[in-house]
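Here are some notes for a colleague who is opening this structure for the first time. Please read them with the model on screen.

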Amino acid sequence: MAGPADARIHGAAARGFARSADAYERARPEYPPEAIAWLAQRLGLGPGRTAVDLAAGTGKLTRPLLLTRARVVAIEPVAEMRRAIGPGAEVLDGTAEAMPVADGSADAVTVGQAFHWFDGPAALAEIHRVLRPGGALAVVWNHRPLEDPVQAAIEAIIGAHRARTPAHTSGAWEDAFAATTLFGAREERTFAHARLADADALADRVGSTSFIAALPDGPRAEILEAVRALAADGPVRLPYVCEVFVCNRRP
């Protein structure tokens, strides 16, 4: 990617997501309707309310939030991802640690698939600044259950390339929540769902992974061919667990 985000976000995210924005939009799973409904109800989203979708990516969470008829501000540092968000939201260049919005201007802040990339304490302080009193933060992930044989096979192919890239599964992101006094206790819900994926969709899904997308062309092509082979006999079922955490802003 070319642009100022290189200096503001993790290198694997800047390079990988810039290179794989199209694959990300095609192959990353949507959030299940039940999860969106619970999230919208818990955050009180609707006309007259404002939600900031932080690290919005290609708009996978932004677009369902727009269906609540709330005002949605999508903040995303990678230009290639921002361009895929589409109409309806106010789309801004920014990061979790420096959001280009006013103090107390949001009723809710949402983060989909991204909190593990943040400087946790700095991000929580910035989210607290942006939220109005009574506002809440929602953190959402579509998690890959590795007890599933197809997800386990994918992990066996890509795991050695992860190195020190931040990951949701590491749990390190939780340290900031455990230490903060800015937010209350987390309320959690989980929603199981699945999608079918053929060889092209599997390659797109793995190719949209930051540390794979950032690899040189040769090693990246070898990985994608190995992943395609998992669906050589036809589409495979990819299960996910959507995890939703919500915590209220403290005064």
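1. Two strands pair if DSSP finds at least two bridges between them. Helices (H or I, at least four residues) and strands (E, at least two) are DSSP runs, numbered from the N terminus. By that rule, β4 and β5 run parallel and are joined by six bridges. T110 faces A138 of β5.

2. A word on the source. This is a predicted model, in which local features need pLDDT of at least 70 and side-chain atom pairs count only at pLDDT 80 or more, while totals for chains, interfaces and linings use all residues. Residues are numbered from 1 along each chain as its sequence is written, and side-chain values use heavy atoms, with hydrogens and water left out.

3. Pairings to check. β1 and β4 are parallel, with four bridges. V52 has V109 of β4 as its bridge partner. β6 and β7 are antiparallel, over 11 bridges. There, A194 lies opposite P239 of β7. Contact here means heavy atoms within 4.5 Å.

4. Burial. Buried means under 20% relative accessible area, exposed over 50%, and partly exposed in between (1.4 Å probe, protein chains only). Seven of the seven residues of β4 are buried, so the strand is largely enclosed by the rest of the structure.

5. Cores. A nonpolar core is a set of buried Ala, Val, Leu, Ile, Met, Phe, Trp, Tyr and Cys residues joined through side-chain atoms within 4.5 Å. The largest has 35 residues; L54, V109, F115, F118, I127 and L137 touch the most other members. Not counting residues up to four places away in sequence, I127 touches L54, M99, V109, F115, L137 and F183. Another core, of 25 residues, lies apart from it and includes I36, L39, A51 and F191.

6. Helix α9 (residues 199–207). Seven of its nine residues are buried. They are A199, L202, A203, D204, R205, V206 and G207. Their packing partners are α2 (21–27), α7 (149–158), β6 (187–197), α10 (210–213), α11 (217–228) and β7 (236–248). At the start of α9, a side-chain oxygen of D198 comes to within 3.2 Å of the backbone nitrogen of D200.

7. A35 sits in helix α3 (residues 33–43). Its relative accessible area is 2%, so A35 counts as buried. Beyond neighbours within four places in sequence, A35 contacts F191, C242 and V244.

Note on methods: A polar contact is a pair of N or O atoms within 3.5 Å; within protein, one must be able to donate a hydrogen and the other to accept it, and residues adjacent in sequence count only if both atoms are side-chain atoms.
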